[in-house]
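Here are my notes on the model, as numbered points. Please read them alongside the coordinates.

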Amino acid sequence: MVRAPGWPAVLSEGSVTVRPLRLRDASAWVEVRLRNADWLAPWEATPPGLVMVRETWAQRQTISVYRQMVHRLRQQARIGMALPFGIVFHGRLVGQVTVSTIVRGAFNSAQVGYWVDSNFAGRGITPTALALVVDHCFGPVGLHRVEANVRPENAASQRVLAKLGFREEGLHRHYLAIDGHYRDHLGFALTTEDVPEGLVRRWRESRHSRP
């Protein structure tokens, strides 16, 4: 079987590893998601019209739902449409980074989304994981551009992108269904020309240069 470029892959920097999601991650994934309902639900992509996301959160964070998600993402990864990574910190699953909507040809671009356990926020784990994935996209996967779209109210996610030097490209009106309604999003992006030295290297140097 011919594999899609750059998949599967395991990437590490210090105590942070990103690797393909596994079926045996189900229990850990469910536990983290249930415990982080208030932290994650406001930013969760949902079908339009799905209301009371927080009230129905537990119904959508189950082992069955997780397995269906992993099977779907694995199919997409095999044909080069997605890269579904779990974020692991000191051997513990603490989040997820998913590259999706991979388009080849002249566009040669993709979108990236991410989340992390609130207990591990603010430790540099998410920027490190995202930097690893972006470098992988610009390297073995062979993409030219990676974009991230976040709600204007999502300050935590915007801080992650700012730390890595993502360029803000503008406001997308009613861009994506989040928490049951189409919401405005700010668009951010990086291209290979932006980080010729690699994003992990830039992130590592910026952390070391802080007082």
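1. Strand β2 (residues 16-20) is largely enclosed by the rest of the structure, because five of its five residues are buried. Buried here means under 20% relative accessible area, exposed means over 50%, and partly exposed lies in between (1.4 Å probe, protein chains only). Helices (H or I, at least four residues) and strands (E, at least two) are DSSP runs, numbered from the N terminus.

2. A word on the basis. This is a predicted model, in which local features need pLDDT of at least 70, side-chain atom pairs count only at pLDDT 80 or more, and totals for chains, interfaces and linings use all residues. Residues are numbered from 1 along each chain as its sequence is written, and side-chain values use heavy atoms, with hydrogens and water left out.

3. Which strands does β2 pair with? One is β1 (residues 11-13), antiparallel to β2 over three bridges. Another is β3 (residues 83-89), also antiparallel, joined to β2 by five bridges. Strands count as paired if DSSP finds at least two bridges between them.

4. Glutamate 13 has valine 16 of β2 as its bridge partner.

5. Arginine 19 deserves a check. Across the strand pairing, arginine 19 stands opposite glycine 86 in β3. The side chain of arginine 19 also meets that of aspartate 25 in a salt bridge, at 2.8 Å, N to O. Are these two partners buried or exposed? Both arginine 19 and aspartate 25 are buried.

6. The salt-bridge rule asks for a side-chain nitrogen of Lys or Arg within 4 Å of a carboxyl oxygen of Asp or Glu. By this rule the model has 13 salt bridges.

7. Aspartate 117 and arginine 35 make another salt bridge through their side chains, at 2.8 Å, N to O. Aspartate 117 lies in the loop between β5 (109-116) and α4 (125-138), and arginine 35 lies in helix α1 (residues 26-35), so the pair ties together parts that are 82 residues apart in sequence. Aspartate 117 counts as buried, at 0% relative accessibility. Arginine 35 counts as partly exposed, at 34%.

8. Helix α6 (residues 199-208) holds a local pair. Arginine 201 and glutamate 205 are four residues apart in this helix, so about one helical turn separates them. Their side chains meet in a salt bridge, at 3.1 Å, N to O. Arginine 201 is partly exposed, with a relative accessible area of 45%. Glutamate 205 is partly exposed too, at 43%. Elsewhere, salt bridges that share partners join Arg145, Glu147, Arg167, Glu169 and Asp194 into one network.

9. Back to the strands. Seven bridges join β3 to β4 (residues 92-103), and the two run antiparallel. They form a hairpin with two residues between them. Histidine 90, in the turn, has a positive phi of about 50°. Phenylalanine 89 stands opposite arginine 92 in β4.

10. What follows β4? Strands β4 and β5 run antiparallel, joined by seven bridges. Their hairpin has five residues between the strands. Glycine 105 in this turn has a positive phi of about 75°. Glutamine 96 stands opposite tryptophan 115 in β5. When inspecting side chains, recall that in a regular strand they alternate between the two faces of the sheet.
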